[in-house]
Amino acid sequence: MQTKKKLISNRIHELIQNTELPQNRVIEAALYSLATPGKYLRPIFTLLTAEMFGANIEDALDPACAIELIHTYSLIHDDLPAMDDDDLRRGKETVHIKFDEATAILAGDFLLTYSFEVIANASHLDSVKKCKLIHTLAKRAGAKGMIGGQMIDSQAAGSNLPEPLLLSMHELKTAALFTAALEFGAIVGGANKNELQQISKFGKDFGISFQIIDDLLDVSVPTEQLGKSHGSDEKKNKPTSVTILGEKRAREMATLLNIQAFSHLNQLDRDTSQLKDLVKTLLNRRF
Ligand code: GRG
């Protein structure tokens with residue numbers, strides 16, 4: 001895992017470098033955000049899935065980095081005053097606090113658009129695979145994916161979401177990008193239609209469970225360990241897995257979803273052990 005993280009980090013920093021351009025501030029802000037990496041889960045999922053389908057890791061590296069760039073953009077925008085209005089991310093000031101709001105918006109926009117350029121430029125992939133990746137990312141990160149989930153989230157403050165809508169929000173806001181990351185690995189590895197479908201179902205169930213655990217951590221882990229403000233959902237009066245399901249049911253549901261997620265992997269005639277091991281560790285994570 002450490003080797004994969006190093007590969008991802010090195011490649012991201014090759015892809016984004018400071019320049020002498022007058023507009024370099026936007027690149028600086030993006031680099032500031034990328035300088036304290038998170039867990040790199042999404043790109044790691046891409047690499048593991050690609051390997052599982054027999055691809056070379058080098059072929060999957062740029063698509064994996066593109067997913068991390070989208071994730072980073074989503075965090076920068078999520079922290080903005082108009083969204084979650086957070087001051088702390090990964091233990092340091094959020095981009096709009098360190099720089100300013102306009103720069104944070106532009107840094108997010110830059111990472112979003114640049115991720116598509118990274119895929120288009122990926123030297124190891126043919127154009128059919130690149131088109132599939134671009135289509136997948138646009139769909140999963142768009143209005144019927146991550147942005148759609150964020151819209152539900154933004155409208156939900158102060159309300160009591162029905163359980164199915166809460167789960168749809170998790171599916172769109174969080175699971176969609178994990179699904180894209182996994183689908184990326186499957187596309188690069190040349191998975192067939194049925195294999196791709198099982199991977200997508202796995203991404204959906206795992207991704208919802210990941211968000212449920214994230215909601216549980218928000219109320220149970222202190223700020224220093226979390227790297228972001230403890231209890232921030234509660235302060236904003238946001239409906240979460242904890243407020244809607246209660247802590248006990250939320251944890252049970254996360255466990256059940258992971259079991260369901262594994263059942264999709266079991267349909268594949270592949271060595272799924274690395275994916276399963278990673279998912280098992282995430283169920284008990286503390287940040
Ligand atoms: C277009 C203005 C505009 C905003 C878009 C789409 C969006 C803002 C935000 C996405 C929503 C979001 C941040 C969902 C939360 C998903 C989640 C649990 C993030 C944390 O993921 P980790 O734990 O983070 O993998 P690290 O720090 O490890 O990378």
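Helices (H or I, at least four residues) and strands (E, at least two) are DSSP runs, numbered from the N terminus.

**Figure 1. Overall fold of the predicted model.** The structure shown is a predicted model. Its chain contains 15 helices and 2 strands. With a radius of gyration of 18 Å, close to the 19 Å that the globule rule gives for 287 residues, the chain is as compact as a globular protein of that length. The C-alpha trace spans about 55 × 50 × 30 Å along its principal axes. Of the 287 residues in the chain, 54% are buried.

**Figure 2. Close-up of a patch of negative charge on the surface.** The patch brings together Asp85, Asp87, Glu93 and Glu101. One of these residues, Asp85, belongs to the loop between helix H4 (57-78) and strand E1 (88-89). Asp85 counts as partly exposed because its relative accessibility is 44%, a value that falls between the limits of 20% for buried and 50% for exposed residues.

**Figure 3. Close-up of two residues with positive phi.** Asp85, although not a glycine, has a positive phi of about 50 degrees. This residue is located in the loop between H4 and E1. Arg90 is another residue other than glycine with a positive phi, in this case near 50 degrees. Arg90 occupies the loop between E1 and strand E2 (92-93). The relative accessible area of Arg90 is 22%, so this residue is classed as partly exposed.

**Figure 4. Close-up of the salt bridge between Asp100 and Arg25.** The side chains of Asp100 and Arg25 form a salt bridge with an N to O distance of 2.6 Å. This pair connects distant parts of the chain, with Asp100 in the loop between helix H5 (95-98) and helix H6 (101-121) and Arg25 in helix H2 (residues 24-35), 75 residues apart. Asp100 is partly exposed at 28% relative accessibility, and Arg25 is also partly exposed, at 39%. In total, the structure holds 16 salt bridges.

**Figure 5. Close-up of the salt bridge between Asp153 and Lys173.** A salt bridge joins the side chains of Asp153 and Lys173, at 2.9 Å from N to O. Because Asp153 lies in helix H8 (residues 146-156) and Lys173 in helix H9 (residues 163-188), the pair ties together parts that are 20 residues apart in sequence. Asp153 is buried, with a relative accessible area of 5%.

**Figure 6. Close-up of the salt bridge between Glu171 and Lys204.** In the salt bridge of Glu171 with Lys204, the closest N and O atoms are 4.0 Å apart. Distant parts of the chain are linked by this pair: Glu171 is in helix H9 and Lys204 in helix H10 (residues 193-220), 33 residues apart. Glu171 counts as partly exposed at 29% relative accessibility, as does Lys204 at 36%. Elsewhere, salt bridges that share partners unite Asp84, Asp153, Lys173 and Lys238 in one network.

Figure 7. Glu247 is part of helix H14 (residues 247-265). Its relative accessibility of 47% places Glu247 among the partly exposed residues. Between Glu247 and Ser220 the C-alpha to C-alpha distance is 10.0 Å, while the two residues are 27 residues apart in sequence.

Notes
Residues are numbered from 1 along each chain as its sequence is written. This is a predicted model: local features need pLDDT of at least 70, side-chain atom pairs count only at pLDDT 80 or more; totals for chains, interfaces and linings use all residues. Side-chain values use heavy atoms; hydrogens and water are left out. Patches are made of residues with over 30% relative accessible area and no salt bridge: like charges are joined within 9 Å, nonpolar side chains (Val, Leu, Ile, Met, Phe, Trp, Tyr) within 5 Å. Accessible areas come from the Shrake-Rupley method with a 1.4 Å probe; for residues, only the protein chains shown count as cover. Lys and Arg count as positive and Asp and Glu as negative; His and the chain ends are not counted. The place of a charge is taken as NZ of Lys, CZ of Arg, CG of Asp or CD of Glu. Buried means under 20% relative accessible area, exposed over 50%, partly exposed in between (1.4 Å probe, protein chains only). The radius of gyration is taken over C-alpha atoms; the globule rule is 2.2 Å times the number of residues to the power 0.38.
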